[in-house]
Amino acid sequence: VGARTLWLDGRLRFNFNYFDIDYEDLQTWSLINFVLIADNASAEVSGVETEFAVAFTENFSISGSFATLDGKFAEGPNAGNIMPRAPDQTWSLAANLSIPYASGRVLELTAGAAYTDEYHFELTNDPRGLEGDVTVLDASARLISSDERWDVTLWGKNLGDELYSVHHINGSLGGATRIYAPPRTYGVSFNMYWN
């Protein structure tokens with residue numbers, strides 16, 4: 001159930017969505033004693049997703065999103081456990097400022113933050129596979145040519161240098177293997193366009 005709405009002569013967009021899903025015969029995988037075990041389970045997932053965008057002026061806007069998620073196994077060996085990669089809450093917020101110049105070039109400045117609540121990587125909910133909550137900050141400055149044939153962007157990602165995992169495997173002998181997201185990174189990107 002959802003709605004897509006426009007307000008204030010199209011300057012405000014607000015979308016809303018609620019979902020409630022029952023999964024049957026959901027295939028799951030677990031690493032147990034060095035063996036990858038496949039199993040079937042039932043799961044119940046519900047949540048709310050919202051997003052908005054506000055154009056305060058022709059050149060300045062703010063957008064964002066907020067979501068909640070409640071996903072648990074209903075049947076199977078892990079009944080009652082929280083589903084993997086199912087954070088309770090996530091949100092994002094971004095601001096965009098466009099600065100036009102007399103030459104026809106445009107400078108676009110963007111800054112944003114994205115938050116993810118803690119979640120489990122493993123369907124067993126083993127504490128070794130619990131990833132903590134994290135907020136990631138990004139920013140960029142993009143210069144667009146007057147004829148829009150090229151653009152150059154100076155960007156920075158994970159500006160807070162947050163340490164968090166993007167993948168995780170619990171070992172059979174008690175250890176754990178983590179693959180981490182890139183640390184604070186900077187770069188310059190150049191694009192050329194042909195008709």
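Is arginine 85 buried, partly exposed or exposed? Arginine 85 counts as partly exposed, because its relative accessibility is 42%, where buried means under 20% relative accessible area, exposed means over 50%, and partly exposed lies in between (1.4 Å probe, protein chains only). Before we walk on, please keep in mind that this is a predicted model, in which local features need pLDDT of at least 70 and side-chain atom pairs count only at pLDDT 80 or more, while totals for chains, interfaces and linings use all residues. Residues are numbered from 1 along each chain as its sequence is written, and side-chain values use heavy atoms, with hydrogens and water left out.

Let us stay with arginine 85 for a moment. Arginine 85 sits in the loop between E4 and E5, where E marks a strand; helices (H or I, at least four residues) and strands (E, at least two) are DSSP runs, numbered from the N terminus. Its phi is near 55°, a positive value in a residue other than glycine. Aspartate 161 also has a positive phi, near 55°, and is found in the loop between strand E10 (150–157) and strand E11 (165–170). Aspartate 161 is partly exposed, with 37% relative accessibility.

Now for the sheet. An open sheet is built from 9 strands in the order E1-E2-E3-E4-E5-E6-E9-E10-E13, with antiparallel pairing; two strands pair if DSSP finds at least two bridges between them. At the edges stand strand E1 (2–7) and strand E13 (185–192), and each has a single partner strand, so one side of each is left without a neighbour in the sheet. From one strand to the next, the twist averages 20°. For such angles, axes are lines fitted to C-alpha atoms, for helices over the stretch in contact, and the angles run from 0 to 180 degrees between N-to-C directions.

You can follow the pairing strand by strand. Strand E2 (residues 12–32) runs antiparallel to E3, and 19 bridges join them. In this pair, phenylalanine 19 has glycine 47 in E3 as its bridge partner. The hairpin of E2 and E3 has 2 residues between the strands, and asparagine 33 in this hairpin takes a positive phi near 50°. Next, E3 pairs with strand E4 (residues 60–75) in the antiparallel sense over 14 bridges, and valine 54 stands opposite isoleucine 62 in E4. The hairpin that joins E3 to E4 passes through 4 residues. Further along, strand E5 (residues 89–100) and E6 are antiparallel and joined by 11 bridges; here tryptophan 91 has tyrosine 115 in E6 as its bridge partner.

The charged side chains come next. Side chains of opposite charge can pair when their charged atoms come close. The structure holds 4 salt bridges, a salt bridge being a side-chain nitrogen of Lys or Arg within 4 Å of a carboxyl oxygen of Asp or Glu. One of them joins arginine 142 and glutamate 108 at 3.3 Å, N to O. This pair links distant parts of the chain, since arginine 142 is in strand E9 (residues 134–144) and glutamate 108 in strand E6 (residues 106–116), 34 residues apart. Arginine 142 is partly exposed, with a relative accessible area of 27%, and glutamate 108 is partly exposed at 23%.

Arginine 142 also forms a salt bridge with aspartate 151, with the closest N and O atoms 3.0 Å apart. Aspartate 151 is buried, at 1% relative accessibility. Through shared partners, salt bridges join Glu108, Arg142 and Asp151 into one network.

Another salt bridge pairs arginine 178 with glutamate 131, where the closest N and O atoms are 2.9 Å apart. Arginine 178 lies in strand E12 (residues 176–180) and glutamate 131 in strand E8 (residues 130–131), so this pair ties together parts that are 47 residues apart in sequence. Arginine 178 is partly exposed at 29%, whereas glutamate 131 is buried at 7%.
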